[in-house]
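Trainee: Could we go through this structure together, one question at a time? I would like to learn how each answer is reached.

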Amino acid sequence: MTEGYDNTNSGLLFPANGSQVVRQGKIDIEGEEHNVIIVKCTTAKGNTVFEIHKQVGVMFEADADKDFDSQGSIDIGDGKMNVWARKKTSNNGTPMTAISMARPKQETQSIPVVADTPDLDGVDDIPF
């Protein structure tokens, strides 16, 4: 593996030049409803393809005092992740969006405290 920038749980999104959302709606897959869109794209060889994209989450516009532009959550199949988006501009002036993700913090579970010690009077035979 080559050493370099670790892009785990992050990515960059660029304008979808040459792509067009042509349909959207809900479909049933084996009894479960899914939101999907169909995107018309042109391949590098000039062929037209229609990609099917399934919704994995939503993001909402953030307050002006945040260091990100929108936030939300995605379901990646093995659990939810929080997601943040930041509008940026590349070095050559292309608008882009930087995405970062993280698993939600797990709340620590406290160990229950026993209020009283159990009454062991009359217990003569302990089986160990």
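What follows is a conversation about strands and some of their residues in a predicted model.

Trainee: Which strand pairs with β6 over six bridges?

Mentor: Strand β6, which covers residues 70-75, pairs in the antiparallel sense with strand β5, residues 57-61, but over five bridges. The six bridges join β6 to a strand at residues 80-89, also running antiparallel, and that strand is β7.

Trainee: Which residue of β6 is the bridge partner of Gly 57?

Mentor: Here we look at the pairing of β5 with β6, which is antiparallel and has five bridges. The covered face of β6 holds Ser 70, Gly 72 and Ile 74, and the bridge partner of Gly 57 in that strand is Ile 74.

Trainee: Is Ser 70 buried or exposed?

Mentor: Ser 70 is found in strand β6, where it lies on the covered face. Leaving aside neighbours within four places in sequence, Ser 70 is in contact with several residues, including Met 59, Phe 60 and Trp 84. Its relative accessible area is 15%, and because the limit for the term is under 20%, Ser 70 counts as buried.

Trainee: What is the relative accessibility of Gln 71?

Mentor: Gln 71 is also placed in strand β6, but on the uncovered face, together with Ser 73 and Asp 75. Not counting residues up to four places away in sequence, Gln 71 touches Val 58, Met 59, Phe 60, Val 83 and Trp 84. Gln 71 counts as partly exposed, with a relative accessibility of 35%.

Trainee: How many bridges join β2 to β3?

Mentor: These strands belong to an open sheet of three strands, in the order β2-β3-β4, with antiparallel pairing. The edge strands are β2 (20-29) and β4 (48-54), each of which pairs on one side only, and the twist from one strand to the next averages 25°. Gln 20 stands opposite Lys 40 in β3, and the number of bridges joining β2 to β3 is nine.

Key:
Residues are numbered from 1 along each chain as its sequence is written. This is a predicted model: local features need pLDDT of at least 70, side-chain atom pairs count only at pLDDT 80 or more; totals for chains, interfaces and linings use all residues. Side-chain values use heavy atoms; hydrogens and water are left out. Buried means under 20% relative accessible area, exposed over 50%, partly exposed in between (1.4 Å probe, protein chains only). Helices (H or I, at least four residues) and strands (E, at least two) are DSSP runs, numbered from the N terminus. Two strands pair if DSSP finds at least two bridges between them. Contact means heavy atoms within 4.5 Å. Axes are lines fitted to C-alpha atoms, for helices over the stretch in contact, and angles run from 0 to 180 degrees between N-to-C directions.
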